[in-house]
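Please keep the structure open while you read.

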Amino acid sequence: MPTPAAPSAEHGPAHDSVFLRACRHEPVEHTPVWFMRQAGRSLPEYLKVREGIAMLDSCMRPELVKEITLQPVRRHKVDAAIFFSDIVVPLKAIGIDVDIKPGVGPVIADPIRTAADLQRLRPLEPDDVPYITEAVGLLVAELGATPLIGFAGAPYTLASYLVEGGPSKNHERTKAMMYGAPELWAELVDRLAVITAGFLKVQIEAGVSAVQLFDSWVGSLAPDDYRRSVMPASTKVFDAVADLGVPRIHFGVGTGELLGLMGEAGADVVGVDWRVPLNVASLRVGPGKALQGNLDPAVLFAPTKVVETKAREVLHAANALGTSGHIFNLGHGVLPSMDPDALTRLVAFVHEASAR
Ligand code: CP3
């Protein structure tokens, strides 16, 4: 079993932020809050600066990345920024022909399906992504005491896009390879682990305060299959960054049955979707790890009073963790049609309701 990372040894100005203290299970004066996909289409200021610029092109412009990353911090007063990029950026950087089609998601021109195709998945070098290093540097300088979260897609989720050729509901080709060609599959996820670890290292070396591994679609797997076919690759990613002194967050959707294994893979913080209350999740994950989550994003479409009641329920369930070790978030990302003012109000409410 991998050893959990030592509590963050990073000494940047964000070291004592509520977010990093909660990741380390240290006392906090209020529960920190940020939102997955807090930057993006819910914000009119985002739509404005993105006008006429393709999604993946925008990820390669450091000044634009800085502006987009800062927008939700300014507006909502969240306790952490998340680096504006995408999980397919490292794939594009090593030469995979990938595009993000609006309203669809990542589309791969030539899917990866054979042993010969795997040769296209070479390790990522820092020189492949100079714009990432530059954008993180600009952001860290600007953010001061507000932590910046770096991220990457996990091997399973990346494999699902590469094998299917795009978004998919049932992951049939992906699972056909996983079950039917286990050696090919193992090499695929191992190569993706190397690329992902490389992408996270670039961000950590450039100064991010924490990293989140998004295994968004891994909830489609049974625990035994996860343990056998996916966990070794995700563990390899976490192990590769274990000694770099930043907390590692692990998140997926529909992962109620996988929470224990996802913690075991090497996370310091386990992200939980809205289907499992945090008091139950804490039993599944076990002691020593912080939890992140888990308000149903759709609750934000209900009246303010209801949002507050449901947010209070999340805070209450998190009391099972003790007085620290909870990072408030949604159970998945902000939806483009969400009212940004409802998110701003939610941040203020969580700060106030959790004040101690
Ligand atoms: O604020 C943030 O959270 C930071 C930015 C961020 C983006 N993508 C920007 C983005 C993050 C963390 C991601 C990760 C990502 N990308 C994931 C994992 C997170 C999750 O939601 O589970 C996944 C599965 C992807 C792949 C992807 N990229 C999808 C499914 C889409 C949506 C396609 C669509 O149009 O509906 C994207 C595009 C994307 N990535 C957008 C943003 C802001 C929207 C594109 C646009 O604004 O034109």
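An oxygen atom of the ligand is found 2.5 Å from a polar backbone atom of R37. The model is predicted, so to speak of local features a pLDDT of at least 70 is needed, side-chain atom pairs count only at pLDDT 80 or more, and totals for chains, interfaces and linings use all residues. Numbering runs from 1 along each chain as its sequence is written, and side-chain values use heavy atoms, with hydrogens and water left out.

| Residue | Protein atom | Ligand atom | Distance |
|---|---|---|---|
| R37 | polar backbone atom | oxygen | 2.5 Å |
| Y46 | polar side-chain atom | oxygen | 2.6 Å |
| G103 | polar backbone atom | oxygen | 2.7 Å |

Taken alone, the ligand exposes 880 Å², and the protein buries 91% of that (Shrake-Rupley method, 1.4 Å probe). Around the ligand are 27 residues, of which R37, Y46, G103, S216 and H332 come nearest (a heavy atom within 4 Å counts as near). This shell divides into 16 nonpolar, seven polar and four charged residues, where Gly counts as polar and Tyr as nonpolar. Helix 2 (44-50) and strand 3 (105-108) are the elements that give two or more residues to the shell (DSSP runs, with at least four residues for helices and at least two for strands, numbered from the N terminus).

Where does the ligand sit? Its place is the largest pocket, in the sense that more than half of its atoms lie within 2 Å of the pocket's grid points. A pocket here is an open set of points on a 1 Å grid over the protein atoms alone, where a 1.4 Å probe fits, with protein on both sides within 12 Å along at least five of seven lines; lining residues have an atom within 4 Å of a point. The largest pocket has a volume of about 1200 Å³, the space filled by probe spheres set on the points. Its lining has 42 residues, with R37, R41, M55, D86 and I100 closest to the centre. That lining divides into 26 nonpolar, nine polar and seven charged residues.

Finally, two backbone details. The peptide bond from G293 to N294 is cis, with omega near -5 degrees, and N294 belongs to strand 8 (residues 290-295).

Methods. Polar contact = N/O pair within 3.5 Å; in protein donor to acceptor, adjacent residues only side chain to side chain.
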